[in-house]
Amino acid sequence: MTAPTRRERLRTAAVSEIKDGARQLLVTGGPQAISLRAIAREMGMTAPAIYRYFPSLEALILDLASDLLDELCEHLEAARDAAGTEPVDQLVGTARAFRHWSVRHPTEFRLVFGNLVPGVDAFPEDGLDYPDDPGARLGEVFIDPLVELWRRRPFPVPLAGQVDDRLASALTPLRTNCPELPAEVACLILSGWTMLYGLVSMEVHHQLRWAVTDPEALFEAELAAFLQQLDTTPGQ
């Protein structure tokens, strides 16, 4: 592999510095605070000079959102790998890691999952067609342990025989990489993800304060309830 030229290294460093500046503005002021002018001022350059690296503010924010999603995926994959080889332990490890990253990076979470900037979507519709897409990686880190658990020892499914054809057909994207997965199991996986994501999102947006003083305790209770549906416990 040819070593990058000095010009390429300088460009890479500049792009990294621009995105670092954008993230700092995001954290301190939210997505609306990100501006090419503010970033350029901190870097000691003119705002038009940034257009040599990003064609628009939206392109910069989309690139930043993609980086944040990559960062989250790496955090989850590290938690999964540290959990060992048991699917249930991997699932618990990644679920807790998802909450851990999200509550410690609330503004980044809102950018990645909230689509707060018009025209910026970190989860394009065709993302699942590309295995290296961050959105696909995020899905796999949760779905793969559940699919593996089902393959090793099929667990009871509360909706067995109750999923109609319309819903079964609608679950096609989720079942693409595991066509033998029954629609009822796909429903359970989707239910688990929406529970996990929903609780974390509500905590990040401070929407649980009216009900609980300790969102983590609620999260752990709901995670345990989901594991009960799989008829298993961590380490089993």
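Contact here means heavy atoms within 4.5 Å. The model is predicted. On that criterion, Thr107 is in contact with Leu26, Val27 and Gly30, leaving aside its neighbours within four places in sequence. Thr107 is found in helix α6. Its relative accessible area is 14%, so Thr107 is buried.

The mean pLDDT of the protein is 85. A value of 70 or more is reached by 86% of the residues. Helix α5 (residues 87-104) has the highest confidence, at a mean of 96. Helix α9 (residues 172-175) has the lowest, at 77. Over residues 126-130 the pLDDT is below 50. Beyond near neighbours in sequence, this stretch has 5 contacts in the model. Where pLDDT is low, the predicted coordinates should not be read in detail.

A search of the whole structure finds 9 aromatic pairs. In one of them, Phe109 and Tyr197 are stacked. Their ring centres are 5.9 Å apart, with 25° between the planes. The angle counts as stacked because it is under 30 degrees. This pair links distant parts of the chain. Phe109 belongs to helix α6 (residues 106-114), and Tyr197 to helix α10 (residues 183-204). Phe109 is buried, at 0% relative accessibility. Tyr197 has a relative accessible area of 23%, so Tyr197 is partly exposed. Both residues also belong to one aromatic cluster, formed by Phe98, Phe109, Phe113, Phe142, Trp193 and Tyr197.

In soluble globular proteins, nonpolar side chains tend to be buried together. Not counting residues up to four places away in sequence, Ile39 touches Ile18, Gly21, Ala22, Leu25, Ile34, Ile50 and Leu60.

Ile39 is also one of the buried residues of helix α2, together with Leu36, Ala38, Ala40 and Met43. The cover over these buried residues includes α1 (6-29), α3 (47-50) and α4 (57-82). Leu36 lies in this helix, which spans residues 36-43. At 8% relative accessibility, Leu36 is buried because the value is under 20%. Beyond residues up to four places away in sequence, Leu36 touches Ala47, Ile50, Tyr51, Leu57 and Leu60. Leu36 and Gly21 are 15 residues apart in sequence. In space, their C-alpha atoms are 9.5 Å apart.

Two backbone angles complete the description. Gly44 follows α2 and has a positive phi, near 75°. His206 also has a positive phi, near 60°, although this residue is not glycine. His206 lies in the loop between α10 and α11 (215-229). With a relative accessible area of 46%, His206 is partly exposed.

Definitions and conventions
Residues numbered from 1 in each chain as written. Predicted model: local features only at pLDDT ≥ 70, side-chain atom pairs only at ≥ 80, totals over all residues. Heavy atoms only, no water. Phe/Tyr/Trp six-rings, centres within 6.5 Å; stacked < 30°, edge-to-face > 60°. Helix = DSSP H or I, 4+ residues; strand = E, 2+ residues; numbered from the N terminus. Buried < 20%, exposed > 50% of the residue type's maximum accessible area, 1.4 Å probe, protein only. pLDDT = per-residue confidence, 0-100.
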